[in-house]
Every structure is written in C-alpha cells, then in structure tokens.
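Here are some notes for a colleague who is opening this structure for the first time. Please read them with the sequence and the model side by side.

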Amino acid sequence: MNRIKALRKERGYTQIKIQLMTGIDQSDYSKIENGKRYFTFEQCKKLAVALNTSMDYLAGLTNEKEPYPRKK
C-alpha cells in the first residue's frame with residue numbers, strides 16, 4: 001500500500017488525521033498502509049475521498065491520481 005502512504009505524506013496528513021477524516025482506527029490504518037492488512041471496500045472509498053483520489057488509483061488499477069468527477 002505504498003500509494004496510500006505516499007499520498008498521505010504528499011497531502012501532509014498524519015495517520016491520526018486520516019483516522020479523524022475516515023473513522024478508520026489508526027492501528028488498522030497503519031496495518032493497511034504497511035501491507036499487513038487489506039482494506040475493505042468501504043475503507044477504500046473513505047480513503048479515496050480523504051486523499052482526493054480514486055479507488056482505482058488506491059487499488060493500483062490506474063496511475064492517474066486525479067479522482068473521477070463525483071456526484072454532488
């Protein structure tokens with residue numbers, strides 16, 4: 001999950017900030033970020049919104065960091 005860690009650092013967020021933004025427990029997030037645990041669909045969705053990217057980018061399906069247009 002190097003993409004998640006790289007995006008988090010690029011955005012200037014700490015793991016605690018991600019926890020506050022997504023509701024994902026910091027210890028669970030740390031395990032996800034370090035590849036010791038996979039994220040669920042819902043966690044991936046929350047992370048994509050918090051990091052302003054797409055779920056496809058987080059999953060490694062695209063190299064485009066920019067998110068798709070979202071419904072308002």
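1. The buried residues of α3 pack against α1, α2 (15–22) and α4 (41–50), where contact means heavy atoms within 4.5 Å. Helices here are DSSP runs (H or I, at least four residues), numbered from the N terminus. The model is a predicted one, in which local features need pLDDT of at least 70 and side-chain atom pairs count only at pLDDT 80 or more, while totals for chains, interfaces and linings use all residues. Residues are numbered from 1 along each chain as its sequence is written, and side-chain values use heavy atoms, with hydrogens and water left out.

2. In helix α3 (residues 26–33), the buried residues are Tyr29, Ser30, Ile32 and Glu33, buried meaning under 20% relative accessible area, exposed over 50% and partly exposed in between (1.4 Å probe, protein chains only). Seen down the axis of α3, they fall within an arc of 160 degrees, so they line one face of the helix; the arc is that of the directions from the helix axis to the C-beta atoms. Just after α3, Gly35 takes a positive phi of about 75 degrees.

3. Ile4, which sits in helix α1 (residues 2–11), is buried, with a relative accessible area of 0%. Beyond its neighbours within four places in sequence, Ile4 is in contact with Tyr29, Ile32, Glu33, Phe39, Leu47, Leu51 and Leu58.

4. Asn52 lies in the loop between α4 and α5 (55–59) and has a positive phi of about 55 degrees, although it is not a glycine. Most residues other than glycine have a negative phi. With 40% relative accessibility, Asn52 counts as partly exposed.

Notes
Helix = DSSP H or I, 4+ residues; strand = E, 2+ residues; numbered from the N terminus.
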